[in-house]
Amino acid sequence: MGYNFVIYFSKAIDIQPACLGLYCGKTLIYKNSSTEIYGECGVCPRGQRTNSQKYCQPCTESPELYDWLYLGFMALLPLVLHWFFIEWYSGKKSSSALFQHVTALFECSIAAIVTLLVSDPVGVLQIRSCRVLMLSDWYTMLYNPSPDYITTIHCTHEAVYPLYTIVFIYYAFCLVLMMLLRPLLVKKIACGLGKSDRFKSIYAALYFFPILTVIQAVGGGLLYYAFPYIVLVLSLVTLAVYMSASEIESFKDLLLRKKRLIILFSHWLLHAYGIISISRVDKLEQDLPLLALVPAPALFYILTARYTEPSRILSEGANGH
């Protein structure tokens, strides 16, 4: 009799229906040394995602290099925008630009550190994450099953924990630190600017932070796969635009000002960042030589500038020809 009961019980487990949908799973309710009891199919708690057997499992892995590069890209976006608008509104003769650049770097650095400290595990500069398997992992809200086409089973959760929400937390800390530090700094050192111009870089941040938040909310998954190419293309375009606008047509023109070298090296770092992100450095001995291509765009521009004469093109454009 006992033998038959065991057979029946094992068959009952085998014929138990699987969870519907890609991201619905069963949450662990009770566990001891010999027994695991799971609840009904539904949404997994925060910090967990479904495995191939449709059980909710905690995210215990460390982020891959590509994940860190993605987070670095999302962290650099507000910093680069800060620097752009500070430079745009400070004016060429303003001595406050450098201090504002340093302050923006300080704000974003502290925000990144605090974001890591408050993330799980709390208090250490590490995070635990779930592996990104496919694009749909970023948009689980689109995959809630409807068995009878009327009732929807809501299984929306962060399958890419914490790569989606940690960006919002970082942006929030950036905004808070900016509002606490930057107005006091600008008021003290931006004496060379008019009252209406002093805070324009801060006002610009109040616009681009909501825009970055919407971009992350809607296109976070697309950015995850596309950001290496975005970095590479934008760094090439902005470098070409800057060198043409500054009328840099030779190595001598490049060495005239330290600012030009700083901007050039900054673009080289972005080139390297994009190349490393694309290659993912899976095979170190094969991928590292690709970094030798970093100076190639600047060298190509300088060597061919004499044939295109960007200064003449700019002057004709300014004259309306």
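Ser277 is part of helix α8, which covers residues 258-279; helices (H or I, at least four residues) and strands (E, at least two) are DSSP runs, numbered from the N terminus. The model is a predicted one: local features need pLDDT of at least 70, side-chain atom pairs count only at pLDDT 80 or more, and totals for chains, interfaces and linings use all residues. Residues are numbered from 1 along each chain as its sequence is written, and side-chain values use heavy atoms, with hydrogens and water left out.

Ser277 has a relative accessibility of 0% and counts as buried. Buried means under 20% relative accessible area, exposed over 50%, and partly exposed in between (1.4 Å probe, protein chains only). Apart from neighbours within four places in sequence, Ser277 is in contact (heavy atoms within 4.5 Å) with Tyr66, Leu69, Phe227 and Pro228. Its side chain also reaches the backbone oxygen of Tyr273 at 2.7 Å. Trp68 is 209 residues away from Ser277 along the chain, yet their C-alpha atoms are separated by 9.8 Å.

## Aromatic pairs

The structure holds 20 aromatic pairs. Rings of Phe, Tyr and Trp (its six-membered ring) pair if their centres lie within 6.5 Å; planes under 30 degrees apart count as stacked, over 60 as edge-to-face and the rest as tilted. One of the pairs is Tyr38 with Tyr55, tilted, at 4.3 Å centre to centre and 35 degrees between the planes. Tyr38 lies in strand β2 (residues 36-42) and Tyr55 in the loop between β3 (48-50) and β4 (56-58), so the pair ties together parts 17 residues apart in sequence. Tyr38 is partly exposed at 23% relative accessible area, and Tyr55 is partly exposed at 28%.

Trp138 and Tyr224 form another tilted pair, with 5.2 Å between centres and 45 degrees between planes. This pair links distant parts of the chain, 86 residues apart: Trp138 is in the loop between α3 (96-118) and α4 (165-189), and Tyr224 is in helix α6 (residues 200-245). Both residues are buried.

## The aromatic cluster

Trp138 and Tyr224 also belong to one aromatic cluster, together with Tyr66, Tyr70, Phe73, Tyr164, Phe168, Tyr225 and Phe227. Among these, Tyr66 and Phe227 are contacts of Ser277.

## Tyr143

Tyr143 is placed in the loop between α3 and α4. At 34% relative accessibility, Tyr143 is partly exposed.

Key:
A polar contact is a pair of N or O atoms within 3.5 Å; within protein, one must be able to donate a hydrogen and the other to accept it, and residues adjacent in sequence count only if both atoms are side-chain atoms.
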